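These are my notebook entries on a structure that is new to me. I begin with the entry as it is shown below.

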Amino acid sequence: MNFNIVTLGCKVNQYESQAMREDLLKNGFELSESKDFADITIINSCTVTSVSDAKNRKIINKVRRNNPSGIIVLTGCMPQAFPENSENFKNCDIVLGNAKRAELVPMINKYIANSVTNISISEHTGKNEAYEKLSVTSLGEHTRAFIKIEDGCNRFCSYCIIPYARGRVRSKELSDLKTEVEQVALNGYKEIVLVGINLSAYGLNKDFNLADAVECACSVDGIERVRLGSIEPEQMDEELIARLAAQPKFCPQFHLSLQSGCDKTLRDMNRHYDTFEYATIVENLRNAFDNSSMTTDVMVGFAGESEEDFKASMDFVKKIGFAKVHVFPYSRRQGTVAASAPNQVAPQEKERRAKLMGEQVLQSRKEFLATQVGLSETVLVERFRHGYLEGYTKNYTPVHIITNKDDLCGQIVNVRIVKSFDDYCEGELL
């Protein structure tokens, strides 16, 4: 029988989908040649917003319409966060929570044998829950490999459902990380990205931390770059930063989650830092790394955010000078504290603020890209497009390299950056 996997959400989900893909292939299933039709369709869901849930259900219904006799498996964060919501499981034959991926193949075989719908979701067991042992050998068509090293979150931000979907912080053992990175390197990957739900909490209550994970990954022959996924400001102290800076393979790009540049809003969000602490971390990173880049996420229109709060956030974001910012309006999430908070901001006002913040950060991005002109950098080539190669420098600057060479994908090449535009730079091969 053949299968497809539909992945929604974050890079952790992408990693977990690849782990499930390899498990299915190892057990005799085949990848469908069609992206629209398969004997088995696995939907790895995201539940970060109510819009995400609606998208999950839309995909499930579409798959069922197109393939009435196919097997549909729902897994990921949506069933884990809302196990009581049977509407989410409509048209699904198998439903697996986030702690049940090891049951995927046995449950598919059981369904093939008896066609009985099976829902298997167990609650997370708290701080003593074991880390789920998943591993991958590749990331499909990606030119960089995402390696999950951490799961769960202890923060309970007032707008976020993820701690309920992912449980408490757990971490991959360094020996398992080393083995996995070695396998990925053998398959030709030159860059890996360490990812997690709350990545900077890696090693919490253990005798290792995020710097140990980076050093472990950098020690593997064949790996030329090690990058971090999104990180929270917590635990990014000067000692950890110094250890990261000592690794020549480490990429100086930091997606340091902000959410708001207003201290009052940060408190309302139950974020565990203020703008002074955040700015200090940014300063420490810039002092430790040459030509580093800072990227982030910023939410506007959070419950209770006044016009003055929004302006304070705008001013702080401008002050930091991010290389790129993902701006999005706050979306109320069932099951979170903020969903029932007073003084909700009107939808049209949230959109107005998102537009203003978006315009500001686009200017910051343009200014950052201009600082890259004249530099000689290495670029990991990702794809060839109509007369140019497209890839990223170590600080994640997107570069278009004008050339007819189409055989460099997956390779790291030396480039001089000669021009900058609104959203990318142009470079020439050295």
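I counted as helices the DSSP runs of H or I with at least four residues and as strands the E runs of at least two, numbered from the N terminus. I am working with a predicted model, where local features need pLDDT of at least 70, side-chain atom pairs count only at pLDDT 80 or more, and totals for chains, interfaces and linings use all residues. Residues are numbered from 1 along each chain as its sequence is written, and side-chain values use heavy atoms, with hydrogens and water left out.

Overall fold: I found twelve helices and 18 strands in the protein chain. Along its principal axes, the C-alpha trace of the protein chain spans about 65 × 55 × 45 Å.

Second largest pocket: I looked up which element gives the most to its lining, and β1 does, with five residues. A pocket here is an open set of points on a 1 Å grid over the protein atoms alone, where a 1.4 Å probe fits, with protein on both sides within 12 Å along at least five of seven lines, and lining residues have an atom within 4 Å of a point. The lining divides into nine nonpolar, eleven polar and five charged residues, where Ala, Val, Leu, Ile, Met, Phe, Trp, Tyr, Cys and Pro count as nonpolar, Asp, Glu, Lys and Arg as charged, and the others, Gly among them, as polar.

Helix pair: I noted that Leu210, Ala211, Asp212, Val214 and Glu215 in α7 meet Leu240, Arg243 and Leu244 in α8, contact meaning heavy atoms within 4.5 Å. The residues of this contact of α7 with α8 divide into five nonpolar, no polar and three charged.
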